[in-house]
Amino acid sequence: GDIINIHQTVNGEDIFILLDIETLDLRYGCDLSYKYQYSVTDLLAPNHFNGDIEWEIVGNLYSMIDEKYR
């Protein structure tokens, strides 16, 4: 349920939701029914030139839902 900002755009979006880490089920933040269709491992891998991680976790979907409905 992690909300990830990749600090670049893919198909015009920079926010993604990682629904399941074991299967790498990554969805577009604008529409959770739209599954990321490219290589998730390539998107989340460190930069090939300097080893930096260029994305960040900015929230958690399940925590946001829990807080809203308390």
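Reader: In E4, which residue is the bridge partner of Arg27?

Author: The model is predicted, so local features need pLDDT of at least 70 and side-chain atom pairs pLDDT 80 or more, while totals for chains, interfaces and linings use all residues. Residues are numbered from 1 along each chain as its sequence is written, and side-chain values use heavy atoms, with hydrogens and water left out. Strand E3 (residues 25-28) and E4 pair in the antiparallel sense over 2 bridges; strands are DSSP runs of E, at least two residues long and numbered from the N terminus, and two of them pair if DSSP finds at least two bridges between them. Within E4, the bridge partner of Arg27 is Lys35.

Reader: Through how many residues does a hairpin join E3 to E4?

Author: Strands of a sheet pair through backbone hydrogen bonds, either parallel or antiparallel. For E3 and E4 the sense is antiparallel. The hairpin that joins E3 to E4 runs through 2 residues.

Reader: What is the order of the strands in the open sheet?

Author: The open sheet has 5 strands, with antiparallel pairing. Its edge strands, each pairing on one side only, are E4 (31-35) and E5 (56-60). The order is E4-E3-E2-E1-E5.

Reader: Why is the pair of Tyr28 and Tyr36 tilted?

Author: The structure holds 5 aromatic pairs. Rings of Phe, Tyr and Trp (its six-membered ring) pair if their centres lie within 6.5 Å; planes under 30 degrees apart count as stacked, over 60 as edge-to-face and the rest as tilted. The ring centres of Tyr28 and Tyr36 are 6.1 Å apart, and the pair is tilted because the planes stand at 45 degrees.

Reader: What is the angle between the planes of Tyr36 and Tyr38?

Author: Ring pairs link Phe16, Tyr28, Tyr34, Tyr36 and Tyr38 into a cluster. Tyr36 and Tyr38 form an edge-to-face pair, 5.5 Å centre to centre. The angle between their planes is 75 degrees.

Reader: Is Tyr38 buried, partly exposed or exposed?

Author: Buried means under 20% relative accessible area, exposed over 50% and partly exposed in between, with a 1.4 Å probe and protein chains only. Tyr36 counts as buried because its relative accessibility is 9%. Tyr38 has a relative accessible area of 45%, so the class for Tyr38 is partly exposed.

Reader: How far is the backbone nitrogen of His7 from a polar atom of the side chain of Asn5?

Author: Asn5 lies in strand E1 and is buried, with a relative accessible area of 15%. Leaving aside neighbours within four places in sequence, Asn5 is in contact (heavy atoms within 4.5 Å) with Asp14, Ile15, Trp55, Glu56 and Val58. His7 has its place in strand E1 and is partly exposed, at 47% relative accessible area. The distance from the backbone nitrogen of His7 to a polar atom of the Asn5 side chain is 2.8 Å.

Reader: What is the phi of Leu24?

Author: Leu24 is found in the loop between E2 and E3 and counts as partly exposed, at 28% relative accessibility. His7 has a phi near 60 degrees, a positive value in a residue other than glycine. Leu24 also has a positive phi, near 50 degrees.

Notes. Helix = DSSP H or I, 4+ residues; strand = E, 2+ residues; numbered from the N terminus. Polar contact = N/O pair within 3.5 Å; in protein donor to acceptor, adjacent residues only side chain to side chain.
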